[in-house]
Amino acid sequence: MAAVDKHTPGAGGPRATLRRLAARSARRLRTGRPTLSIVVLAAGGDPGRLHATLTSVRDQPSPAIEILVVGYDGGLELARSTAGDDTRVRFLAADDVAGARAAGLAKAKGEFVLVATAGDRYPANAIADLLPALLPGETLLLADTYDDAGPADLVVRPDLARFPYLGRLVLPRERAVALAASVPDADADAMPVALAALAAGFSSTPYPAWSDDRGPKPRLFTVRHDPLPGLAARVGADLASLLATEGAARQQRALGALAVLRPFLESAEGADDATWSQLVEHARVLLAEAADQLESLDLVPRVLALLAAADKRAELVAYAATVTERRSGEDVPTVVEDGQVRARLDVPLPPDALVVGEHESSLVAQARRLVLDDDVLRLEVFVGVRHTHQVDPPTVAARLVNGDASLGLHVRTGSDVAVTRWMDETEHDHDAGVVELSIGVQDLRPGAWEIELDWAAGGLRRSGLVTGVAATGSASRRPLAVAGHAVHLVAAHGRVALRVSDGVPEERPATLSRIELVGTELRITAAPDVDTVHLTGKGLAVEARSGAAGFWTVPLEADVWGQGVLPLPSGSYRLKFERAGKRVPVVPASTVVDRLPTEHRSDRHRLQMLLSGETVAIRLDAPLADDEVGIRSRWKQRAAYAQITEPLDDRLVYFQSFAGHGVGDHPLAIGAELARRRSDLDLRWVVADSSVPVPPGFSPLLVRSRDWYDVLARAKHLVVNVELERWFRRREGQQILQTFHGYPSKAMGLGLWRPRNLLPSQIEAQLDQSSRTWNNLLTPDVEMDQYYRRDYDYDGTILPLGYPRNDELVLPGRDDVRAAVRERLGIQPHQRALLYAPTWRDDQSTNYRAAQSVTHLDVEEASRGLGDDWVLLLRGHRFHAPSGTRGSRVIDVTEYPHINDLILAADAAVLDYSSLRFDFALVNRPMVFLVPDLDTYTDSTRGFLWDYRETTPGPLVASTAEVVAQLRDFDGLVSRHHADLVAFNARYNRLQDGHAAERVVDAFFSALLD
């Protein structure tokens, strides 16, 4: 096929052309030192702003610029997927923002260094225009005015005022290297103001830090930062910046200032009248300056600013709340009109104000599969346009580009729901985003060929490059041998190229020639000399059954804790081949790799076969249907749930314990008692996947299945020990029993939300999700009722009837349970078992259902100190990931299904702030409280309802050595604290008589028992 000029109309537009010219020039000059290194600090969680910054940086067409993207907190992968096709880009990984600054400054190769963060924007050609003005050794502060505390060589040059850099410093490389060495450990308050601005990573003037003159310092965990006290400084800096610039630079500064104004506007609910007036006036000034370029500003800050400028405070507050509710606040319903994407928002703004700019509705494309089919190379690509529906087949043109050469490709479009899941948007379907590109073998020439796409559908047009390769698909496979060449896809520096090299690649002998799901089992054909096959993962090793001629069957089930064979839990698994006791690499044949990734569904699992490096990995998930998987499907089903109007079913009862990963706690005890009395009821137990066994008399209810939403809407009675979903609304007549899952002692409800500095509307939202959803609440004692009334503003029914979960801890038969559990765990009769169960720390949470584990107890030191007569049972909080430790003296029981079994099996416990101490006290065995962080936890991490020391019937210690010392004197420990335990139970556990479940069923289900 003849080559065509890739710069002809329709080949990507002028912006893409500029990028290609810059990239080509950079390749030609790549051996020289760049004049300027732009260090982009890329954090995860803000894709819109990071995308805008990387796009504006890439649009600088100078080969004398190096772009160094330093990612942390998930930002690196995000940056790789958005950085595009620029060979000037390099990537580094860092642990946090301080490490990112240090790494970026140290690794920059340019003679000058400029640091950018998400949200910074640079007009096309601006940086290229700046480069000739840079003078050796100068430290430039662009535009903003600072105090005289700056460094002696700081130069504020009026001739550079036209460059809109939002107060950034341009440093000589030597100063950048020196700063890199000092910033991570520096005291920001002692640094020169100008350097502090760079070190903090802020645009222009940083938000003022917390100071003691603003009142008591709030608790440290997830505190909402209130930017409003810094508004006057922000406004002053913005106005000074605008006065120093003219023309296009002035517009760009206004746009940057509007982006930075977003958190102030989102906090407008907390503003007094004077502050609100200042916000209104400042928004009007900035919008007037940026009027011609507003479409290039992200939608969210634009809408916030326009509402403020129109003095629509109530509407702004309502819109800000929806932004918070939506994931990242970025995906919104849209419509394509006149070749533009417009958001459909319930805000009093004209349609033109709601245009979603091209930078936010860009083309994204990822290579998924690469297969050689006779003399044709077929490349499957997932393609989508952000924030737009893609349900009808688009028109797509594609070509390979290498320098000035271009090769047109045959395109075939298709549909797959996996594209919508990959796009990961709440409001838009992208099923029709499968594009298959066919490349004739005879057309391949050595070189690195980029893949350009022109996309059109519904009056909308977009162009772009394939910038990602699915690591789990055949597109990331080893080089293929194609017509005497080695061919494979290479992803580097934010671009993807089909690399064609001379020579045929060496192929490894395949040991895996077939793998498929048949019914509920995996069937595998391995090399003839493989004599053992295992499937490993989640701490398990499932042995395959051998068949004839290398045929193996892997049952997707196991007996995990000696309680019966169950389907394997959700998670990632790998095949393990052995020959004569030695590992054999699992090398898939080309025919196996061709199909990856592939997905199958049985009545037990949703199974994916994925490429992982050079082998195959297995991913097992809950057996949800195609239209039940992914965030888009969840939002659709929530909308359908809200429309259900069928009458409530008196016989339908919903039970949920935590997130459905186990069967236990108060709902289990209550459900078992109800099932004993009313076996005719339709009892549903929520399960996360098929590995969770439901109690006798119950039917499983799979989380996020269509049936789950239906039962939530129609069940007359619901029993839960955690909050229901944020979107759940109690229908008239529904009875919700909130049992909670631990004795109240730590700060909760309003006692948490107010110190976190939440806005009034945010507190109202928390109450809507919690106490306003319940109409029945279980407490362990009437004295605890006051705390729920106060801290949840709760005025519904309270059942102070004791805790049903603990019935089995005091009833006859508990000794038999203890013996059976100890035998199951391998604890010898002469050994004592120590249960170590630290709670989670709010200030170490990574999201609302995950946290780093606490390691105050040195397990190895404790094990050595206690000796062979002790076994340590490590029980992490449900938010902690299990360690997988399993041996004769240390066993990780984080995922053991029943906490009461562990309480009964243990001879002592090491605890901290967990409510488990109230339960463990019922077995009258000693507890040691390892609390080296007691003061911190009390004052700044979470705090308590009353003095923690009143609830600790055992010694408080601060080290592993002290724990060991207490336990080695076991008889003395029991003797010293026996009276404390008796008094503790008399005060807190007086209703734990073994009949709490009976009382709760009598009270809550009275209408069903008449």
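Where does D374 lie?

Reply: D374 lies in the loop between β11 (363-373) and β12 (376-385); helices (H or I, at least four residues) and strands (E, at least two) are DSSP runs, numbered from the N terminus. The model is predicted, so local features need pLDDT of at least 70 and side-chain atom pairs count only at pLDDT 80 or more, while totals for chains, interfaces and linings use all residues. Residues are numbered from 1 along each chain as its sequence is written, and side-chain values use heavy atoms, with hydrogens and water left out.

The backbone at D374 has a positive phi of about 55°, although D374 is not a glycine. With a relative accessibility of 70%, D374 counts as exposed (over 50% relative accessible area; buried is under 20%, partly exposed in between, with a 1.4 Å probe and protein chains only).

F658 also is not a glycine and has a positive phi of about 55°. The loop that holds F658 runs between β36 (649-656) and α17 (665-677). F658 has a relative accessible area of 25%, which makes it partly exposed. Another backbone feature is the cis peptide bond that joins L596 and P597, with omega at about -5°. P597 is in the loop between α15 (590-594) and β33 (598-601).

V560 is likewise a loop residue, placed between β29 (557-558) and β30 (566-567). Its relative accessibility of 30% means that V560 counts as partly exposed. From V560 to E895 is 335 residues in sequence, but 9.9 Å in space, C-alpha to C-alpha.

Next come the aromatic side chains. There are 32 aromatic pairs in the structure (ring centres of Phe, Tyr and Trp, the last by its six-membered ring, within 6.5 Å; planes under 30 degrees apart are stacked, over 60 edge-to-face, the rest tilted). In one of them, W708 and W727, the ring centres are 5.7 Å apart and the planes stand at 90°, so this pair is edge-to-face. W708 belongs to helix α18 (residues 706-714), and W727 to the loop between β39 (715-720) and β40 (735-738), so that the pair links distant parts of the chain, 19 residues apart. W708 has 3% relative accessibility and therefore counts as buried; W727, at 15%, counts as buried too.

The pair of W774 and Y794 is tilted, with 5.7 Å centre to centre and 55° between the planes. W774 is in the loop between α20 (760-769) and β41 (776-779), and Y794 in the loop between α21 (785-791) and β42 (797-800), so the pair ties together parts that are 20 residues apart in sequence. W774 and Y794 are both buried. One aromatic cluster is formed by Y743, Y787, Y803, F918, W946, F984 and Y988.

Helix α9 (residues 247-260) packs against helix α11 (residues 273-289) at an angle of about 140°, and their axes are 8 Å apart. That makes α9 oblique to α11 (neither under 35, over 145 nor 65 to 115 degrees; angles run from 0 to 180 degrees between N-to-C directions, with axes fitted to C-alpha atoms over the stretch in contact). R250, Q251, A254, A257 and L258 in α9 meet L286, L287 and E289 in α11, contact being heavy atoms within 4.5 Å.
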